[in-house]
Amino acid sequence: PEEYNPYGVDPTKPMIALTFDDGPSKHTWAIVDALKSHNARATFFVLGNRVPSYQAAIDNLLANHNEIGSHSMGHANLAKLTTEEEIAAQIRPVDEALQKQHAYTPKLFRVPYGSKNDQVLAVLKAEGKPYIGWSVDPRDWDVKDKNKVVNHVLANVKDGDIILMHDIYPSSVDAALEIVDTLQAQGYWFVTVEELLALNGVAAEPGVLYHVIG
């Protein structure tokens, strides 16, 4: 559908989804502008407690065809929470804040730390949220080294992958720009997770984990 494909992606070509966790931050704007200059898109899994401080960055993100997913209110380990109500309290306020301030409700959720159990998945199902994982993790938050991040991604990426990065570290911003440049030259399209799902004919189900598409 056209609404999933504003840049005219050829779905017969390799597609990957670049994703950023733990923002928005002062670096988000630079990433979005760089993506725009390459006709590329990404998905940003935001923390609800950071949303009020970065309203303009979120507006810019959405205006340039990127996607917002939820990463909880405050990066709590949901699997360590006791009740379903506590888990839901990490999900619903993010939706409410983005809807109130930006008329946008995120469809997708990424569990902090990738930490889940049956109760977490049950709440995600009840809240209507597919769980988006990842298939390529350069551990940019740990190494904080542009070259190591770039080399890991380039050595491991393939069609349908979801790459995990973070838009709160300068080294990750620099790495993302080089990754986009290099992989576009190899014929890859950078799409949102929702677009990756749609163009592969996948109807994401709430409470189900997706980490590679296609």
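Which residue just after α2 takes a positive phi? That residue is His65, with a phi of about 70 degrees. Welcome to a predicted model, in which local features need pLDDT of at least 70, side-chain atom pairs count only at pLDDT 80 or more, and totals for chains, interfaces and linings use all residues. Residues are numbered from 1 along each chain as its sequence is written, and side-chain values use heavy atoms, with hydrogens and water left out. Helices (H or I, at least four residues) and strands (E, at least two) are DSSP runs, numbered from the N terminus.

**Strands β2 and β3, with helix α2**

- Together, β2, α2 and β3 form a right-handed β-α-β unit; right-handed means that, with the strands pointing away from the viewer, the path from the first strand over the helix to the second runs clockwise.
- Strands β2 and β3 run parallel and are joined by 4 bridges, where pairing requires that DSSP finds at least two bridges between two strands.
- Within this pairing, Val46 has Ser70 of β3 as its bridge partner.
- Strand β3 is covered on both faces, with Glu67 and Gly69 buried on one side and Ile68 and Ser70 buried on the other; buried means under 20% relative accessible area, exposed over 50%, and partly exposed in between (1.4 Å probe, protein chains only).
- Helix α2 (residues 55-63) has Ala57, Ile58, Asn60 and Leu61 as its buried residues. They lie on the same side of α2, because they cover an arc of only 160 degrees around the axis; the arc is that of the directions from the helix axis to the C-beta atoms.
- Those buried residues of α2 pack against α1 (28-37), β2 (43-46), β3 (67-70) and α4 (92-102), with contact meaning heavy atoms within 4.5 Å.

**Helix α4**

- The buried residues here are Val94, Asp95, Ala97, Leu98 and His102. Viewed down the axis of α4, they fall within an arc of 165 degrees, so they line one face of the helix.
- On the packing side, the buried residues of α4 meet β2, α2 and β3.
- Ala103 follows α4 and has a positive phi, near 55 degrees.

**Strands β1 and β5**

- Strand β1 (residues 15-21) pairs with β5 in the parallel sense over 5 bridges.
- Strand β5 (residues 162-166) is mostly covered, with 5 of its 5 residues buried.
- From β5, Ile162, Leu164 and His166 point one way, while Ile163 and Met165 point the other way, and all are buried.
- Asp21 sits in strand β1, and its bridge partner in β5 is His166.
- With a relative accessible area of 3%, Asp21 counts as buried.
- Leaving aside neighbours within four places in sequence, Asp21 is in contact with Phe45, His71, Arg110, Leu164, Met165, His166 and Asp167.
- Asp21 and Leu177 are 156 residues apart in sequence and 16 Å apart in space, C-alpha to C-alpha.

**The aromatic pair**

- The structure holds 1 aromatic pair. The ring centres of Phe20 and Phe44 are 5.1 Å apart and their planes are at 20 degrees, so this pair is stacked. It links distant parts of the chain, with Phe20 in strand β1 and Phe44 in strand β2, 24 residues apart.
- For the criteria, rings of Phe, Tyr and Trp (its six-membered ring) pair if their centres lie within 6.5 Å, and planes under 30 degrees apart count as stacked, over 60 as edge-to-face and the rest as tilted.
- Phe20 and Phe44 are both buried.

**Two buried serines**

- Ser25 is located in the loop between β1 and α1 and is buried at a relative accessible area of 5%.
- A polar atom of the Ser25 side chain lies 3.0 Å from the backbone nitrogen of His27, and one lies 2.5 Å from the backbone oxygen of Asp167.
- Apart from neighbours within four places in sequence, Ser25 is in contact with Arg50, Tyr54, Asp167 and Ile168.
- Ser172 belongs to helix α8 (residues 170-185) and counts as buried because its relative accessibility is 0%.
- The side chains of Ser172 and Asp140 are joined by a polar contact of 2.6 Å. A polar contact is a pair of N or O atoms within 3.5 Å; within protein, one must be able to donate a hydrogen and the other to accept it, and residues adjacent in sequence count only if both atoms are side-chain atoms.
- Not counting residues up to four places away in sequence, Ser172 touches Asp140, Met165 and His166.
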